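Biologist: Please take a close look at one helix-to-helix contact in this model. I would like a connected account of its residues and geometry.

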Amino acid sequence: MMEALACHPLDTIKVRMQLSRRGRQPGLPKRGFLRTGIEIVKKETPLGLYKGLGAVMTGIVPKMAIRFTSFEWYKQLLANKETGMISGQATFLAGLAAGVTEAVAVVTPMEVIKIRLQAQYHSMADPLDIPKYRNAAHALYTVIKEEGFGALYRGVSLTALRQGSNQAVNFTAYSYFKEVLRKVQPDLENGVLPSYQTTLIGLVSGAMGPLSNAPIDTIKTRLQKTPAEAGTSALQRISRIASEMFRQEGVHAFYKGITPRIMRVAPGQAVTFTVYEYLKEKLEKSGPAALTGERYEE
């Protein structure tokens with residue numbers, strides 16, 4: 001929840017940049033994330049940066065719970081049956097599966113509602129400027145009423161691909177960096193890294209996910225912003241969005257919003273991993289393994 005409160009304005013700026021069509025109009029200057037944020041604040045007040053926060057707050061807690069629970073479960077499932085060791089490939093596949101699981105269970109409906117709210121350009125300071133979607137609950141009701149329940153899963157394939165690749169890269173990089181730090185610091189008690197080191201490697205690994213799948217995220221945002229079209233499959237719409245972006249806005253359009261996305265995701269992952277490792281250590285020390293003298297092995 002603290003991650004969402006601190007980082008959501010950057011997500012709103014990212015979505016606005018991804019939805020921007022300025023690349024189609026020759027002569028218009030490019031608008032970076034700072035200018036985009038300033039324009040939102042000027043036209044829609046600072047509260048405009050928090051559009052869609054309700055949808056995120058509703059989904060982020062179960063999302064994180066599902067991510068880490070499923071990752072640990074998949075990791076143990078893929079561990080070597082004889083030695084119990086977990087290879088880098090097993091970590092990658094466990095992260096991929098955890099990302100897909102969270103995408104289907106929570107992230108896709110949350111993203112659809114969040115993007116609909118973030119895409120509204122109404123001023124929150126003007127009571128007469130009434131938006132189509134008043135809040136997350138109203139947006140959820142309106143989308144289901146007008147477009148059906150299936151609309152909440154628009155772009156689920158791209159969301160699963162984004163979340164899967166995100167967590168595969170994220171967990172693999174994090175596990176690798178953690179192992180390296182353990183090897184160069186053999187004097188660490190029980191191999192537990194200091195919190196500042198966990199924060200640092202969480203920050204670095206968190207930045208690697210967005211860099212690996214920025215085009216997927218941009219196409220997904222544009223797909224989820226608009227209602228479905230009769231007689232057009234999801235694959236046809238994805239292909240059309242991608243081809244129009246490339247033809248009208250160029251290759252750089254696929255990386256719109258990458259700066260605020262990294263600035264949001266990387267610190268968020270740093271906070272998440274630090275808190276996760278701290279709580280995991282405390283729970284393991286107080287759980288059954290501590291009573292029987294067993295030691296947790298990564």
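Modeller: In helix 6, the residues Arg162, Asn166, Gln167, Asn170, Phe171, Tyr174 and Lys178 meet Arg261, Gln269, Phe273 and Glu277 of helix 9, where contact means heavy atoms within 4.5 Å. By class, this contact of helix 6 with helix 9 has three nonpolar, four polar and four charged residues; Ala, Val, Leu, Ile, Met, Phe, Trp, Tyr, Cys and Pro count as nonpolar, Asp, Glu, Lys and Arg as charged, and the others, Gly among them, as polar.

This is a predicted model: local features need pLDDT of at least 70 and side-chain atom pairs pLDDT 80 or more, while totals for chains, interfaces and linings use all residues. Residues are numbered from 1 along each chain as its sequence is written, and side-chain values use heavy atoms, with hydrogens and water left out.

The axes of helix 6 (residues 156-184) and helix 9 (residues 258-286) come within 13 Å and cross at roughly 55°; axes are lines fitted to C-alpha atoms, for helices over the stretch in contact, and angles run from 0 to 180 degrees between N-to-C directions. Helix 6 is therefore oblique to helix 9 (under 35 degrees is roughly parallel, over 145 roughly antiparallel, 65 to 115 roughly perpendicular, and the rest oblique). Helices are DSSP runs of H or I with at least four residues, numbered from the N terminus.

The structure holds nine aromatic pairs, in which ring centres of Phe, Tyr or Trp (its six-membered ring) lie within 6.5 Å, with planes under 30 degrees apart stacked, over 60 edge-to-face and the rest tilted. Among them, Phe273 pairs edge-to-face with Phe68, at 5.9 Å centre to centre and 90° between the planes. Phe68 lies in helix 3 (residues 53-77) and Phe273 in helix 9, so this pair ties together parts 205 residues apart in sequence.

Key
Helices (H or I, at least four residues) and strands (E, at least two) are DSSP runs, numbered from the N terminus.
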